[in-house]
Amino acid sequence: MIKVRFPPSPTGPMHIGTARAMLFNFLFARGNNGKIVFRSEDTDRERSKVEYEEEILAGLKWLGLDFDEGPYRQSERGEIYEKHFEKLKASGKIYPCFCSAEELEAEREMQQKQKLPPRYSRKCCELKPEEIAQLEASGKNPVWRFRVEAEEIRFTDLVRGEIKELGKNISDFVIRKADKQFLYHFTVVVDDMEMEITHVIRGEDHLTNTSKHIMLFEALGAKVPTFAHLPLLLNKDRSKMSKRDESGKPATLERLKSEGYLPEAVVNFLALLGWNPGNEREFFTLTELVKEFKIEKVHKAGAVFDLERLDYCNSHYIRKLTAEDLAEKIKPFLDFEVSDEKKLIAAVKLIQERLKNLAEAKQQLRFFFTEIDYRLDLFPHTKMQVGLPEAKNALIAGLAALEGLEDWSEAAIQAALMEKVTQLGIKNGQLLWPIRVALTGEKFSPGVWEIARVLGKVETLKRLQQGIDKL
RNA sequence: GGGGCCAUCGUCUAACGGUUAGGACGCCAGGUUUUCAUCCUGGUAAUAGGGGUUCGAUUCCCCUUGGCCCUACCA
C-alpha cells in the first residue's frame, strides 16, 4: 500500500513550489492507488500560524487536490516525539550539548579557514553523567544532538538514481532545542514512520537532508521509505524561486488566483514543469495527469517558472469555458456594477478569445457597462487616413445608417454600415475606426457590430451622438 | 570553505549510441481583419568547454566551467 504526504509548513501563504510538490505527490498516489496524509509541520512556533494552514488547505481545494488523512499538526504530537526521543536517548544515539552559539560560530569559522568539513567538534559528546548533571543544575538547558557515524549512506532516489554521502561530512545535527522543542529533521522522520509513509516525494532542497533522515529512521528501527526528489522551481535568473519571484511579486498560489489564473491551468502548467509524458501533448486535466504521470520520467534539472507560458495555458482553459461560466468567474474581478446578466454574458463572449487571465477582463468589459470618456486624439488614424474632420463625418454617416435600423442584429448592423461605406466610396476602416472609438473610448476592442449589438440601439446611437458633439 | 545534485534553442522540453537535433511558449516576417487580439503561413534559435570509449556520442566515462541545494537551537 502506497502512502505519501502533504507536509506544508504553515509559516506563510502557500508557495507555488509547495503546491507543485503536493501535486506530484497527488499524481503519484492517485495513480498508484495510494493514500495521502496532510500534515502541518508547525514546529517553528514563532512563524507558524493556523491562518496559514487554513490558507494552504483552501489552496489545495482550489487546485482539486484532496487527501485521505489529517490534517495532523506536529504541534499536537509532542507525546509521540517524546516517546521516540526517550528511545534514542536510551540507545545512546543522541547526546546533550551545552555549547553556546558563539562557541559554535567560532568553530565553524575555524573549520572553514582550514578547509575542513563544517562539523560539530563533539566537545559535549565526552561529557560524563555527573558533568551533565552539574551543568543542568546550574540552570543550563542543553540541545540534543544525533551522533552521526562516519560511514557512507546510500539510497536510491526514484528520480535521481543512486545517491551517496559520507557521514564524516555531516555534522551531529540538533534534533531538540534548548527550549525542548523538537526540530524538523526529527519530527518528519518520526511522523513518516508513525504514519507509515512509503514514499517521500519532496523538493530537491531536501536531497542532502535525506542522509540525516535515513540515519534517524535506522536509529529508530524503522523501515526507510523510498525517496523521490523533485527538481526545484526557478526564477528567470535561475535562482531558487523562494518567497518572491524576480519581479518582486510573491510566488504564492494566492497571487496566481488573484491574477485570474484558472486552477486547471495552474495544475496543467505545474505538472509540465519538470515532467512530461514523453509525447508532444500539452494539455491535460487533473484526471488525465493522474493517468499519465510516471515518477520515473521526472527531470533532474530545475525548471524556470515562466509566466508567459502560464498565460498561454490559461487562455486555453479560458476558451474552453462556456460564456456563462466564464462570466461567473469574471464577476469577482470587476470593479463596476453589472445589472444586466445577459449583457455581461454577451460581452464576455466577445472578449473570451482575447483573454489571458480573468483579471484583464475588467479593462476589456468596462466600456460596456460604464459611461465612457476618451481623448479626441484617439480618432485620427494614419493608416486609415482619418483625421478629426473625417472622423466627425464618419460618425454622422454611421448615425444616419443606424438610426432607422429596425433589426438590431449583428448582420443587420454590419449590412447597414457596409452599405454606407459603398455609398460614400470610402475604405471600411475610414467609417468603422471612428465609430469603434466613439463606442468604446478604447484603443483596442472587438469589432464594431459585435459591440453595437451588445450595447443596444439606444446606447449605440447615444455614443455616436456624443462623439459628434465632442468633435 | 566542505559535501551533494544538475547541465539540449531565451523558456518548457523530445530524441533504443545512428534524426536535416523534433515540438510548444516567446520573438520576427507575411497573410486575413475596421484597430488590437484571434486565426493561417513562414522564419529565428540549442546539445557549456575539453578529453576519452566507439565505425559512430546530445546520449556512456573523466576533467574543467557554470548553476542550484545542504552546511541553523528554520523547514
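This is a predicted model: local features need pLDDT of at least 70, side-chain atom pairs count only at pLDDT 80 or more; totals for chains, interfaces and linings use all residues.
Student: What are the domains of chain A?
Tutor: Chain A divides into domain 1 (3-71 + 186-234), domain 2 (80-176), domain 3 (323-369) and domain 4 (376-470). The C-alpha centres of domain 2 and domain 3 lie 60 Å apart.

Student: What makes β1, β2 and β3 an open sheet, and what is their order?
Tutor: The order is β1-β2-β3, with parallel pairing. β1 and β3 are the edge strands, as each pairs on one side only. Neighbouring strands are turned by 25 degrees against each other on average, direction ignored.

Student: How do you know that β1 and β2 pair?
Tutor: Pairing takes at least two bridges. Strand β1 (residues 3-6) and β2 are joined by 4 bridges, so by that cut-off they pair. One point to look at is Val4, which stands opposite Ile36 in β2. The chain gets from β1 to β2 through helix α1 (residues 16-31), in a right-handed β-α-β crossover.

Student: How do you know that β2 and β3 pair?
Tutor: The same test applies. There are 3 bridges between β2 and strand β3 (residues 69-73), and the cut-off is at least two, so they pair. Their sense is parallel. Val37 has Glu69 in β3 as its bridge partner. Here the chain crosses through helix α2 (residues 50-63), and this β-α-β crossover is right-handed too.

Student: Why is β2 called largely enclosed?
Tutor: A residue is buried if 20 or more other C-beta atoms lie within 10 Å of its own. In strand β2 (residues 35-40), 5 of the 6 residues are buried, so the rest of the structure largely encloses this strand.

Student: What makes β6 a strand that is hardly covered?
Tutor: Count its buried residues. Among the 6 residues of strand β6 (residues 152-157), the count is 0.

Student: How many bridges join β6 to β7?
Tutor: There are 6, and the two strands run antiparallel. Arg154 stands opposite Lys164 in β7. A hairpin of 3 residues links β6 to β7.

Student: Why is Leu262 called buried?
Tutor: It has 23 other C-beta atoms within 10 Å. The cut-off is 20 or more, so Leu262 is buried. Leu262 lies in the loop between α8 (253-258) and α9 (263-271).

Student: Is Lys115 buried or exposed?
Tutor: Exposed means 12 or fewer neighbours. Lys115 has 6 C-beta neighbours inside 10 Å, so it counts as exposed. Lys115 lies in the loop between α4 and α5 (129-137). Its phi is near 55 degrees, a positive value in a residue other than glycine.

Student: Why is Arg238 called exposed?
Tutor: Arg238 has 11 other C-beta atoms within 10 Å, and the limit is 12 or fewer, so Arg238 is exposed. Its phi is positive as well, near 70 degrees. Arg238 lies in the loop between β11 (233-234) and α8.

Student: Which residues come nearest to RNA strand B?
Tutor: Of the 64 residues around RNA strand B, they are Ser9, Glu41, Pro117, Lys240 and Gly447. Elements that give two or more residues to this surface include α4 (101-113), β7 (161-166) and α17 (428-440). The most come from α17, with 5 residues.

Student: How do the residues of that surface divide?
Tutor: There are 25 nonpolar, 17 polar and 22 charged residues near RNA strand B.

Key:
Residues are numbered from 1 along each chain as its sequence is written. Chains are lettered from A and ligands numbered from 1 in the order in which they are written. A residue is near a molecule or strand if its C-beta atom, placed from the backbone, lies within 6 Å of it. Ala, Val, Leu, Ile, Met, Phe, Trp, Tyr, Cys and Pro count as nonpolar, Asp, Glu, Lys and Arg as charged, and the others, Gly among them, as polar. A crossover is right-handed if, with the strands pointing away from the viewer, the path from the first strand over the helix to the second runs clockwise. Domain bounds come from an automatic or database domain assignment. Axes are lines fitted to C-alpha atoms, for helices over the stretch in contact, and angles run from 0 to 180 degrees between N-to-C directions.
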